[in-house]
Amino acid sequence: MRQLVFLPLLLAASTVTSQIVRTLGPFQEVFAWKQITFNIQGSMPLQDRFGELDVQEESTSEGVQKRHTSDIVFHNDNEGERDWNTQNSRLRTTTTIRPSRNTGWNRPSSTSTTTPRPSSALFTDESRQFFVQYNNLPMGVERVGRRVFITLPRRRYGIPATLNYLHLDQDSNTRSPSLRPYPNFSASSYLTSVYRTRADRCGRLWMVDTGMLEIPNNRQQVQPPAIVVYDLNTDRPILRYNFKTSDIPSAITPTGLASITVDIPDNDCNDAYAYVPDLATYGLIVFSLKSNDSWRLSHNFFSFNPLVGNLNLAGQRFQWNDGIFSITLTNPTSAGCRDAFFHAMIGTDEFSVSTCTLRNRTASEDSNFWSLFSIIGNRGANSQSTMHGYHAGSNVIFFADIARSAVSCWNTGNPLSSSTVGILASDTRRLGYPSGKCR
Ligand SMILES: *[C@@H]1O[C@H](CO)[C@@H](O)[C@H](O)[C@H]1NC(C)=O
Ligand SMILES: *[C@@H]1O[C@H](CO)[C@@H](O)[C@H](O)[C@H]1NC(C)=O
Ligand SMILES: *[C@@H]1O[C@H](CO)[C@@H](O)[C@H](O)[C@H]1NC(C)=O
């Protein structure tokens with residue numbers, strides 16, 4: 001199954017500086033966390049565990065080794081033996097849990113009853129816990145102005161807020177700043193679970209709220225899956241568009257809505273499109289803001305390649321089946337259309353389709369619809385990638401490669417093959433499971 005996650009917590013960007021400069025290939029570390037902490041109206045549950053003390057360790061290579069071996073957070077969702085027993089538990093609400101300035105955190109005084117679980121020294125009842133540090137895995141990252149948005153999809157209990165941010169002016173005096181719920185703690189409960197965000201040039205932040213608590217063996221659809229858009233000037237939601245039932249063919253489809261790509265063809269902010277890949281049930285959902293409508297497309301290229309599904313990441317071996325994962329748009333061509341490049345995560349081929357095809361609501365009715373999609377090339381062995389992003393100035397696409405723990409790149413002016421893909425940085429310890437990309 002696809003729901004295995006582990007990642008060392010590393011963000012890299014070349015445009016921000018921190019006091020101590022660590023690099024990885026051409027990348028400069030900006031923030032790093034061993035475990036996530038939160039800053040909720042000044043109250044911080046737990047201390048930063050990856051702070052400046054660790055910096056001294058780095059003076060010896062032995063110290064680095066030690067630190068990073070404990071750096072991996074590993075979740076295997078096929079843990080059938082875990083009895084979560086949480087039928088009656090609900091997503092926490094702001095009325096039952098409050099941060100306390102003096103004593104840290106009050107346990108939720110939940111009024112719901114939970115079935116008593118078999119007592120076990122190993123598992124505490126996480127369903128009742130407001131914050132389970134180990135379960136807080138960042139998945140998406142995006143810098144907009146002086147803020148860095150970081151998402152924590154709710155695939156476990158104990159995640160205080162799914163969408164959070166850092167402020168580069170207020171939070172960059174430490175290597176591991178605490179995350180701030182967006183827009184603030186009380187309003188953050190508007191969102192159930194978000195994988196990744198995308199900002200547009202109209203000052204808006206787009207995302208899919210899957211609406212689902214993805215607890216292993218106990219998935220709960222808390223609210224309908226929806227596209228949510230925030231106005232970044234007011235930090236208020238300006239759109240919640242529930243997908244149509246025809247967009248969501250299966251109960252597990254929401255678990256596959258892990259990214260979103262925004263297209264504004266004519267620089268008219270009211271005429272925007274969002275393209276949402278569905279990696280779980282292999283489709284692509286198109287949303288038109290102007291017509292307040294959505295439609296779902298199917299194509300064989302959205303599927304995974306079964307020949308490259310065996311992965312060995314940092315010693316964890318498993319088989320995966322994620323389909324279409326990431327969509328990135330080129331500069332417009334003369335006709336005002338862009339190429340939408342896309343790939344399955346379990347795959348090494350790159351495909352494309354014109355955004356004019358995606359935006360045409362009736363294009364899929366054409367008997368030749370399938371032929372409007374192209375294969376661009378193969379990126380080579382071990383190039384399975386989560387997100388990728390097109391850099392408009394250079395026409396280069398950057399890839400977050402999971403199978404080789406790398407960031408790679410390809411100049412779209414060249415034919416795509418393993419020999420035209422360059423590896424910018426690769427490190428199984430510090431770049432394990434690269435999951436997001438910043439513009
Ligand atoms: C939290 O954010 C919401 C939405 O922006 C706003 O309406 C509310 O007043 C804020 N609450 C606090 C305590 O700042
Ligand atoms: C958009 O469509 C939905 C139904 O899919 C409807 O509930 C909603 O009111 C519409 N929004 C606008 C702004 O028309
Ligand atoms: C949309 O696609 C249909 C079917 O291929 C085609 O007949 C129509 O001309 C297209 N519309 C536009 C605006 O390109």
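Visitor: Why is Cys409 called buried?

Guide: In this predicted model, the relative accessibility of Cys409 is 17%, and since buried means under 20%, Cys409 counts as buried.

Visitor: What makes Cys337 and Cys356 a disulfide?

Guide: The sulfur atoms of Cys337 and Cys356 are 1.9 Å apart, and because a disulfide is a pair of cysteine sulfur atoms within 2.5 Å, the two cysteines form one. The torsion about their S-S bond is about -90°, so this disulfide is left-handed. Cys337 lies in the loop between β24 (324–329) and β25 (339–344), while Cys356 belongs to helix α3 (residues 355–359), so the pair ties together parts that are 19 residues apart in sequence.

Visitor: What makes the link of Cys202 and Cys269 a disulfide?

Guide: Here the S to S distance is 2.0 Å, and the cut-off is within 2.5 Å, so Cys202 and Cys269 are joined by a disulfide. The link of Cys202 and Cys269 is left-handed, with -85° about the S-S bond. It connects distant parts of the chain, for Cys202 is in the loop between β12 (194–199) and β13 (204–209) and Cys269 is in the loop between β18 (261–263) and β19 (273–278), 67 residues apart. The structure holds two disulfides, and with the bonded cysteines numbered in sequence order the pairing is 1-2, 3-4.

Visitor: Why is the pair of Phe38 and Phe131 called edge-to-face?

Guide: By the distance rule for ring centres, the count comes to 20 aromatic pairs. The rings of Phe38 and Phe131 have centres 5.6 Å apart and planes at 85°, so this pair is edge-to-face, because the centres must lie within 6.5 Å and the planes over 60 degrees apart. Both Phe38 and Phe131 are buried.

Visitor: What makes Phe302 and Phe342 edge-to-face?

Guide: Their ring centres are 5.4 Å apart and their planes stand at 70°, so Phe302 and Phe342 are edge-to-face. Phe302 and Phe342 are among the members of one aromatic cluster, which also includes Phe301 and Phe351.

Visitor: How do you know that the charged end of Arg359 sits over the ring of Tyr273?

Guide: The charged end of Arg359 is 5.6 Å from the centre of the Tyr273 ring and sits over that ring, the distance cut-off being within 6 Å.

Definitions and conventions
Residues numbered from 1 in each chain as written. Chains lettered and ligands numbered in written order. Predicted model: local features only at pLDDT ≥ 70, side-chain atom pairs only at ≥ 80, totals over all residues. Heavy atoms only, no water. Helix = DSSP H or I, 4+ residues; strand = E, 2+ residues; numbered from the N terminus. Buried < 20%, exposed > 50% of the residue type's maximum accessible area, 1.4 Å probe, protein only. Phe/Tyr/Trp six-rings, centres within 6.5 Å; stacked < 30°, edge-to-face > 60°. Lys NZ or Arg CZ within 6 Å of the ring centre and 35° of its normal.
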